[in-house]
Amino acid sequence: MTCARLALRSPFRLLPLALLVACAPPAEKEGADAEVVDTGDLPVCAPPADDLQGVTFLMHKVGFARSTEGVAWGSNLDGEVSVIGDGSGCNKQDLTDPEGTPGIDNAFAGLLPTLEQTEAAAISGLLQDSVEQGELLLTIQVRGLDSYADDDCVSVAFGNATGAPLMGTDGVILAGQSFDRDATDRVVYVDAADVEDGRLSFASDFGIKLQILDANLDLDVTMGQVRMDIAPDGQSATGHFTGGVSIPYMLSEIEKYAIDADLKALLNQVLPVVGDLSSEPGACDMLSMAFEFEAIPAFFYEESLEEVPWGSAPAATD
Amino acid sequence: MSASAPLRSALGRPAPSARRALRGALVLGLGLSACGDPPKDAAPADDGEEETGEPVERGPAPEVTPGAPALRRLTQSQYENALRDMFAGELYVPTNLEPDNDVEGLLSVGASTTSVSAYGVELYEAAALTVAEQVLASPEAKAALLSCTPTGPDDSTCAAEVLGALARRAWRRPVSAAEVGRLAELVAQIGAAEGSFDAGMVYGVAAVLQSPHFLYRREHGEGTGAVRPVTSVELASRLSFLLWNSIPDEELLAVAESGALLDEAVLEEQARRLLAHDNARRGLRNLFDEVFHLYNLPGINKDPLVFLNADPELGASAREETLLGVEAMVFDDDGDFRDLLTTERAFVDRRLAALYGVAAATPEGFGEVYLPAELGRRGLLGQASFLMLQSHATSSSATKRGVFVRRTLLCQEIPAPPADVDTSIPEADATSPTLRERLQTHLSDPYCASCHQLTDPIGLGFENFDGIGKWRLTENGATIDASGDLDGVAFANAWQMAEVLHDSPLLGPCFTRHVYRYGVGRVENGDELALIGWLNEGFAGTGYSFRELLVDTVLSPGFRNVGELQ
C-alpha cells in the first residue's frame with residue numbers, strides 16, 4: 001500500500017472521507033506488505049496443507065465504533081489505563097468497553113459526533129456503502145479451525161476480497177458468497193492465533209483499502225488489535241478492530257484537497273491535540289480508531305487462493 | 001478437522017438390511033398403493049438383475065400393439081430449435097405462441113392432444129413473418145438461404161429452388177412439385193407487386209413456416225393392421241425430435257428418403273451419430289426439462305420477505321444446474337443414471353453456491369463443485385430446482401415434494417385433492433412450530449391420510465431445506481426432524497433418502513417409461529407396459545446408461561411402429 005496510489009476523481013464527494021486518509025510514513029512501510037506477525041514464544045500453527053479454504057468471514061457490516069458515556073468498543077492498544085492528568089496515554093481519558101474492560105483506546109469515537117455536524121456528516125453511511133458496493137470487503141480467513149468455540153492454534157489471514165457482492169432481498173450482502181483474494185493489496189498473516197469461548201483475537205498492524213464512491217483510499221493502521229466473536233454455529237460473527245493512524249499524515253493529506261474551509265479549519269485545530277498514541281515516547285502523534293463489524297461466512301475461489309499463496313506478498317502494482 | 005464434523009457423523013447409508021427390505025417391498029408391490037388403491041400406471045419393477053445382482057440375458061422384445069398414432073404439434077422449444085437449425089446467423093424467435101400443454105407430466109404428450117386456436121393461428125402467422133423478415137434482412141442468413149440469384153422480382157424458378165429446399169427441410173419430407181409450385185407462384189406474385197424478389201420471399205418463407213406440415217409432426221405410419229410401421233421419413237423425425245428436439249439434418253433426411261432408415265442397423269447407426277452430436281445435449285436437456293418441469297423455474301415466484309436468496313435469477317440458475325448435471329452424467333460420464341440422485345458433484349454459479357454454502361468454482365457462469373457430506377445435500381433432490389419447484393411461494397411443502405417423488409421418480413399415481421377439500425395447514429405456533437407437527441392434520445384425518453400418508457412422510461424428509469432449498473436445522477426455533485420412511489425403509493434425512501431412492505427398483509422402470517412416452521408422444525397402452533419392462537431390463541443391463549436406453553428405445557418396436565389410425 002502506498003499513499004501515492006490515493007486517487008481522487010471527485011474530491012467534492014470525498015470530503016467526509018478525508019479523515020480516513022492516514023497513510024503511514026514511507027519509512028515505516030518498508031517490507032510491510034507481506035506481513036507475518038512476530039509471535040514471540042507462542043507456538044506457530046502451520047495451516048493444514050490440504051485445506052486452502054479454511055473458514056472465512058466477510059465483514060458485511062462495518063462502522064465506526066461509537067462511544068456513549070465513556071463506553072465504546074475498542075482495544076487497549078498502549079497497555080495503559082489512562083486518566084486525564086495522570087501523565088499516561090497522552091493525558092487522554094481512555095474508554096471502557098461494553099464488557100467493562102478499561103483502558104480502551106478509541107479517541108476517534110470522541111471526535112466522530114463533532115465531525116458529523118460538518119460536511120463529514122455522512123461518513124458512517126459512506127463507509128457501509130463502500131462495503132455493499134464491493135469496494136471494502138474485509139475478510140478474516142481462519143485455517144486449522146477445529147471448533148468454533150475453542151482452538152488454541154489457528155492460522156489467520158486478514159485482508160481484502162474483491163468481487164461484486166450478491167445482495168439479498170433485504171438489501172444486505174448474502175452469506176456464503178465466493179470472492180477473489182485481492183492480489184494487489186496486502187494480507188496480514190498470523191500463524192499463532194487462538195479461539196477461546198468463541199472469540200478469535202490477534203494483534204497485527206493492517207492495511208485497509210477503501211474505495212468509497214470515486215475515491216481510492218489506503219488506510220494504514222498500526223498497533224492493531226482484532227477481535228471476532230463467532231456464533232456457535234459458525235454462521236455469523238461480530239467484532240471490532242482497532243489501531244492507530246498517523247496524525248501528521250492526516251494533516252498533510254487534508255491540505256492536498258479542496259475540503260470545505262470550515263471543516264479544514266476544524267480539523268487543523270482539533271487533530272493536533274487529540275492524539276492518544278505515540279509512535280515514539282511522548283510524541284502523541286497517532287489517533288486511535290476502532291471499527292465495529294458484523295460478519296458472515298464467505299469463500300474464496302480456489303483459483304484465487306492458489307494465485308495468492310498463504311503468506312505471500314501481493315502482486316506488484318504500478 | 002472441520003467444525004461441522006459432528007453433522008457428518010449423523011449422515012450415512014441406510015442399513016443394507018433396510019435397503020433389501022425396500023427392494024423386496026417394492027418388487028412385491030407392497031405398501032405402494034396410492035391412496036389405498038394399487039398404484040396405477042406403474043411400470044414393471046423388473047430391473048433385469050437376479051437376486052445375485054448379476055445381469056440376466058434379455059429375451060427378444062415382446063410383441064406389442066402400439067397405441068394409435070398421434071399428430072403432435074411442435075412444442076415451443078421444438079419450434080425454436082427447428083428455426084435455428086434451418087437458418088444461419090442470429091435469429092430472434094418469437095415466444096408468444098400457443099402455449100404448450102402438460103399432459104401426464106410431459107409437454108411432449110400434451111403436444112399430441114392440443115389444437116390451435118384461431119388466435120394461435122394468428123400468433124404462428126406473426127411469428128413466421130417475423131422470422132422470414134429477419135432471414136431476408138440478414139446478409140448471412142439470406143446468403144445461406146438463397147441458392148440462386150433471382151433474375152427479377154418475380155423469378156419463380158429461383159423461388160422454387162430455394163423454397164423447395166427449405167420446405168423439404170422444414171416439413172421433414174420430400175415435397176411435391178405442386179407444393180413447390182404454389183409457393184413459387186406466391187413469391188412471384190408478391191415480388192412483382194412489390195418490385196422486390198426479397199419481399200416476395202418473405203411471404204414464401206413465412207408460408208413454409210405457417211404450414212401445418214411444419215407445425216405438426218405427422219407420424220401416421222403406413223399399411224394396414226393393428227401394427228403398422230412408421231414411414232422412413234416419419235421415423236427420421238421421431239428420431240431427431242427424440243434425440244435433438246429438432247428437425248432432422250440433411251444426412252438423416254437423405255437416409256430416410258432413401259428408405260434405408262427402416263433397416264435396424266442403419267437406424268442404430270443414425271441414432272448413435274445423433275447422440276454423438278452436440279445437438280443431443282440440447283435434446284437431452286429438453287427431455288429432463290419436461291420430466292422435471294424445469295421450464296417453470298425461470299421467474300418462479302418466491303416471497304422475497306421470507307427468502308433472502310430469492311433473487312429473480314435464482315430459478316433460472318437452478319434449472320441450469322440440474323440440466324448441466326444431467327448432461328455431464330449422460331454425455332461426459334455415460335454413468336449410472338441412478339447416480340443423479342446420490343452424486344455429490346454439482347454445477348453451480350455464484351448464486352447457487354451461496355445458497356448451498358460452498359465455494360463457487362468460478363466468478364462467471366457455472367462450475368463444478370463437490371458437496372461435502374456435512375452439508376446434508378446431494379443429488380437431484382438436494383438441488384434448488386426440485387426444492388424450489390416443489391414448494392409454495394412462502395414455504396416448503398412436504399406434500400408437493402412427496403408427490404414429486406411418487407409421481408415423477410417412481411411413477412406412482414397420487415390423485416389430486418378433491419376440489420372441495422381445505423388444503424390449508426394450521427399456522428405455526430408454540431405447540432406446532434415445525435411442518436411435521438402442523439401436517440398432523442393431514443395424517444390424523446382418515447379422509448386426508450389415505451393420500452398424505454404416501455406423500456408427507458417422504459416430503460418431510462426434505463424439511464432441512466426451505467422453500468428455495470436453503471439448508472436449515474430449525475423452523476420457528478424448533479429442531480427439524482427430517483427422518484421418515486419410504487414404504488418401510490427408514491431414513492434419517494434427505495441425504496439418506498437419496499440412496500433409498502437410488503436403489504429403488506421402481507426408479508429405472510419409471511424413467512424408461514418417461515423416455516418412451518416422450519419418444520412416442522402419448523401414454524403407453526397396457527400392451528406397451530411389457531415393452532417398457534423389457535426396455536428397462538436393457539437399461540439395467542447396461543448399468544443404467546441413459547444413452548443406451550435412448551438407443552434401445554429407438555430400436556424398439558414401439559418406436560418404429562404405430563397402431564391403427566383412429
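Predicted model: local features only at pLDDT ≥ 70, side-chain atom pairs only at ≥ 80, totals over all residues.
Close-up 1. Although Asp197(A) is not a glycine, its phi is positive, at about 50°. Most residues other than glycine have a negative phi. Asp197(A) counts as exposed because 8 other C-beta atoms lie within 10 Å, where the cut-off for an exposed residue is 12 or fewer.

**Close-up 2. The loop of chain B that holds Asn476(B).** Asn476(B) belongs to the loop between strand 6 (474–475) and strand 7 (478–479) of chain B, and this residue, which is other than glycine, has a positive phi near 50°. With 12 other C-beta atoms within 10 Å, Asn476(B) is exposed, since the class takes in residues with 12 or fewer such neighbours.

**Close-up 3. The contact between chain A and chain B.** Chain A contributes 23 residues to the contact, and chain B contributes 16 residues. On the side of chain B that touches chain A, 10 residues are nonpolar, 3 are polar and 3 are charged.

**Close-up 4. The fold of chain A.** The secondary structure of chain A consists of 7 helices and 12 strands, and of the 318 residues in this chain, 47% are buried. Among the contacts in chain A with a separation of 6 or more, 73% are between residues 24 or more positions apart.

How values were computed: Residues numbered from 1 in each chain as written. Chains lettered and ligands numbered in written order. Contact = placed C-beta atoms within 7 Å. Nonpolar A, V, L, I, M, F, W, Y, C, P; charged D, E, K, R; others polar. Buried ≥ 20, exposed ≤ 12 C-beta atoms within 10 Å, placed from the backbone. Helix = DSSP H or I, 4+ residues; strand = E, 2+ residues; numbered from the N terminus.
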